[in-house]
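Here is a friendly briefing to read alongside the model. Please keep the viewer open as you go through the topics.

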Amino acid sequence: MELLYAITLGVLTTCGVYLLLRARTFTVILGLTLLSHAVNLYLFASGRLVAGAPAIVGLTEHSADPLPQALVLTAIVIGFAMTAFVVVLALKAAVELRNDHVDGENPDEDRA
Amino acid sequence: MPLVLIILLPLTGACLPALLQGRSSRLLASVAALPALFCLLLLLSWLPHVMGGGEAVVQRLAWLPSLGLDVAFRLDGLGLLFALLITGIGCLILLYARYYFAGSDTSARFFTLILLFMAAMLSIVLSENLLFMLVFWELTSLVSFLLIGYHSHDHAARLGARMSLVITGGGGLALFGGVVLLGQAAGSYELTKVLEAGDRIRAHEHYGLMLNLILLGAFTKSAQFPFHLWLPHAMTAPTPVSAYLHSATMVKAGLFLVARLHPALGDTSLWFHLITLTGMVTLMLGAFVAMFMHDMKGLLAYSTVSHLGLIMLLLGLGTPMALAAALFHLLCHALFKAPLFMMAGYVDRATGTRDMRRINGMWRFMPALMVLSGISAAAMAGLPLMSGYLSKKMLFGESLQVTAPDWAVVVIPLWVTLAGLFSVAYSIRIFHNVFFNGRPVDLPVWPPVSPRAAALSPIALLAFATLLVGLAPEAFYAGLVHPAFAAARQAMVTPFDFATLGGRLPMLMSLFALAGGALFYHFRDPLFRLHARLPEVDAKEIFDWLMRRTIALSQQRVFQLENGSLQRYLTFIMATLVVLVGLELGGVTHWDGGVALAPLDPLTLLAAVLLCLAAIGVVAFHHYRLPALLLLGVTGLFVTVTFARFSAPDLALTQLMVEVMAVVIMMLALSFLPQTSPRGSSGFRMGRDLAIAGLMGIGVAAFSYAILTRPQQTISDFFLVNSVPGGGGSNVVNVILVDFRGFDTLGEITVLGIAAVAVFAFTRDLHLKERVVETNPMHWVAEPHPIMLSTVARLVLPIALLVSAYIFLRGHNLPGGGFIAGLITAVALTLQYMAGGLVWAQARMLTAFRPLIGAGVLIATFTGLGSWLFGFPFLTSAHGHFHLPLVGEFELATAMLFDLGVYATVVGATLLILANLGKLMTVAGPGKEIG
């Protein structure tokens, strides 16, 4: 199970980072979302993988670690707000610069 | 009496002239002289103690003891000699400035800066702590910069100021490095301990580096070759500044440092070679160039460079009495060079020029000045009975004492004799050219008017002191120089014996230098012509070229790194991350931490495979944006499933709601953006990015595997145990959010609110409608508000709100809470927007989203503040059981009120974002504000 979880994280990270390095704003937003999934899952994993034992007092004898869960919960919400902000930023840039390249210019080629 | 007073007096005194802006120089000088004179008196009161061979006085005030930084002062012979020089000459300079600035109403700045400089310089020489000293070392550089650029409208003055700041400031940086190394080696920054640790420091592995860095600081400050060039260019400063900072005091700070640290660093072969050779080159170069300068102040500046080189040479020499000779000459130099500068200032004022080819025959106009300058010039030349004669003979005597290395035994005596010859020549020149040598040529100001008798008083006092030293050197030596010599040596030393000074060889060398100098001056005209034909090597050009190259190079580097391309920045950041973390992880030997793996069930495997496939699908289809977005939604759903699978119901609920909202928002955005991404990347680029991304993925996978298979050590037991008794709730995640870590949550909802308001501000004046038509002639759906959807949505709303209220109320004990309830409410209302359209929803809905966000944050904050009323720390929660008839036993916690704030903020923020993005779709466009 742990190995599978780690591999899944790796795949999510790879996809996220690759998209992050693309040249179009929308693709970068996609990458950012994937990467934040990976980061949230990673943080969550620091509480280890426990099945069927939510962190509710009195429900089970050993419960999952509540601390990473609390951290990740706010991270999800803030991540959402940030995604929304980046989306609006991308829209604004696309309107003002008349293209959706991340650098705001050279719409036909990558810059390096 | 506290030593700190000596520094505080001029420091606070510096404010006085600043408050008297625009007043006459007479008043300003008197006001500025008060703290300086008082300071001098304080120092003189210490003289008996120091002369009597008293111990060094150390006084300290704790400042940052954890960093080894105290405000600590130390007064011993060496410090007192310099402090007296600084305040004594400083007082005379203030007196001189009173006349120099007569008639000018902008001199307040000068007096303020001079007092500030005095305080900084006194701090350098009286510091016990080396770090403390460094601060004031830099301050003198800064004040010097401001004073050189005093005539800020003058281009040359600005250039000179900048050059001095670059060189002395750069040297200060090197010194900083050196002092830190020194402090590390000595184990303390306290001078007392550093001076005792000499053997340990000299044996330290970084001794060479340390010495080089410290000497770099000293050499730049004291204008040693090749850093001397700032000093001649500093002559654009008003003459009182040149006389004070750039001849008598600041440029001697480097010499002071070398003398001060001599017991800690000195008397090694490296020390001898670095200091002696630098001193020799500086001595000769300064003396030679000075001879050919036509500018009075230029000549004096190069002669200062030469004398600084001479003293530096003596400091490095290492013969028993060399240090005494150095300190003696240092004092003599200050006494004869300052009046010469003052003379140059008066002559400049009287004639309007500093060119010695034009200023001739001044004896007719200012005979008194001639007599007084004659004394100083004679001392500089080293005529018999003058102070300079003695110090020069001391130099010659010491140069003959050198026994090793072999070259030095012959070269140094010859070298100093030759340099002495030049110094005689330029001393004759400045005196003869200015006061004799025929008649003035074409002076801008005519006729030259002699300064008033009173104005000559500072020159007269200094000339008198020079004569006194020449006549009674023993008393002078015993009173001031010997205690300084002993303090610099940190040992009992035998006093210098002036009786043996008249050795045959030093006498011969002196006579040779005098005669040679006179001859040299006599044949000056052919020599000047010869010199004029020599190719001109202007050090300033080299300096400027170096500066230009440095700036161009760094700009080039900056542009290479910072070319405005996000792709490049991200690639750099990611690649750096891969390399640095990779290097660190390379040392990990056991990736498997040993904890037994949990068994794998087929359903989980399937979900994981689907999650991976969806993520890979996003990448594969990222050129087609809508499919990619849908696949992104799929990954989000499987992340939700993952949270649910591993005992995190709160997270699963949150993720689910967020996923819905995020996809809706991105979908909205996508309708304004191109529907496809062009295939722009080259194959190489894609390969490179894939490699970086792949390496990061492997790193993250390996790292999380390593974590997952290691035993867990958590602090969560505290939360689990205290959740019910301390927070009054059994859902520990929620209790952490609203109680234990309530402050974090407060910050987070604030960020959420700020992000939403930022979105609001951004969409305010965005005109997208035309653009949609432009880029997207075909709209996605024919019917924007399908009837089925709107009917269902209206039916669902009350149920959804009820669920949301339920989730909110139970959140403290079961999965749920403000965040999740807020998101559910938001999703339900979003559905109304989607089904009915913005205008329809607007008409039927309360849309004060921004006040809602504000209210949410305020509710949460005031709930936290409420605990203050009861004397508890911020955000302490209270809870209790209550009994109501019919309802029965129930529990209330103030945390619930806090959660209400969270709820309000989440609803407000989410809807503000969504409504404003949706607004862009409407024909009404940005005309009407929502939220």
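Leaving out residues up to four places away in sequence, B:Ile214 touches B:Leu175, B:Gly178, B:Val179, B:Leu182, B:Leu261 and B:Leu265. A contact here means that the C-beta atoms of two residues, placed from the backbone, lie within 7 Å. This is a predicted model, in which local features need pLDDT of at least 70, side-chain atom pairs count only at pLDDT 80 or more, and totals for chains, interfaces and linings use all residues. Residues are numbered from 1 along each chain as its sequence is written, and chains are lettered from A and ligands numbered from 1 in the order in which they are written.

**Nonpolar cores**

- B:Ile214 is one of the residues with the most contacts inside the largest nonpolar core, along with B:Ile114 and B:Leu327; this core has 209 residues.
- A nonpolar core is a set of buried Ala, Val, Leu, Ile, Met, Phe, Trp, Tyr and Cys residues joined through C-beta atoms within 7 Å.
- Buried means that 20 or more other C-beta atoms lie within 10 Å of a residue's own, exposed means 12 or fewer, and partly exposed is in between, with C-beta atoms placed from the backbone.
- Helix H17 (residues 322-351) of chain B gives this core its largest share, 22 residues.
- A second, separate core has 137 residues, and A:Val57, B:Ile692, B:Ile807 and B:Leu838 are among them.

**The two chains**

- Chain A has three helices and zero strands, in the order α-α-α along the sequence.
- Helices (H or I, at least four residues) and strands (E, at least two) are DSSP runs, numbered from the N terminus.
- Of the 112 residues in chain A, 63% are buried.
- In chain A, 48% of the contacts with a separation of 6 or more involve residues 24 or more positions apart.
- Chain B has 39 helices and four strands, and 50% of its 931 residues count as buried.
- For chain B, 78% of the contacts between residues at least 6 apart in sequence join residues at least 24 apart.

**Where chain A meets chain B**

- The contact takes 82 residues from chain A and 104 residues from chain B.
- On the side of chain A that touches chain B, helices H1 (2-20), H2 (25-45) and H3 (66-97) each supply at least two residues, and H3(A) gives the largest share, 24 residues.
- That side of chain A has 56 nonpolar, 14 polar and 12 charged residues.
- In this classification Ala, Val, Leu, Ile, Met, Phe, Trp, Tyr, Cys and Pro count as nonpolar, Asp, Glu, Lys and Arg as charged, and the others, Gly among them, as polar.
- H1(A) packs against helix H30 (residues 683-708) of chain B at an angle of about 155°, with their axes 7 Å apart.
- Axes are lines fitted to C-alpha atoms, for helices over the stretch in contact, and angles run from 0 to 180 degrees between N-to-C directions.
- The contact of H1(A) with H30(B) involves 17 nonpolar, six polar and two charged residues.

**B:Leu390 and its helix**

- B:Leu390 sits in helix H19 (residues 387-401) of chain B and is buried, because 25 other C-beta atoms lie within 10 Å.
- Beyond its neighbours within four places in sequence, B:Leu390 is in contact with B:Gly470, B:Pro473 and B:Leu501.
- B:Leu390 and B:Pro473 are 83 residues apart in sequence, and their C-alpha atoms are 8.2 Å apart.
- H19(B) and H21(B) pack at about 50°, with their axes 7 Å apart, and are therefore oblique to each other.
- In this packing B:Ser387, B:Tyr389 and B:Leu390 of H19(B) meet B:Thr466, B:Val469 and B:Gly470 of H21(B).
- The residues of this contact comprise three nonpolar, three polar and no charged ones.

**An exposed loop residue**

- B:Arg452 lies in the loop between helix H20 (406-435) and helix H21 (457-471) of chain B.
- B:Arg452 counts as exposed because it has 11 C-beta neighbours inside 10 Å.

Methods: Parallel < 35°, antiparallel > 145°, perpendicular 65-115°, else oblique.
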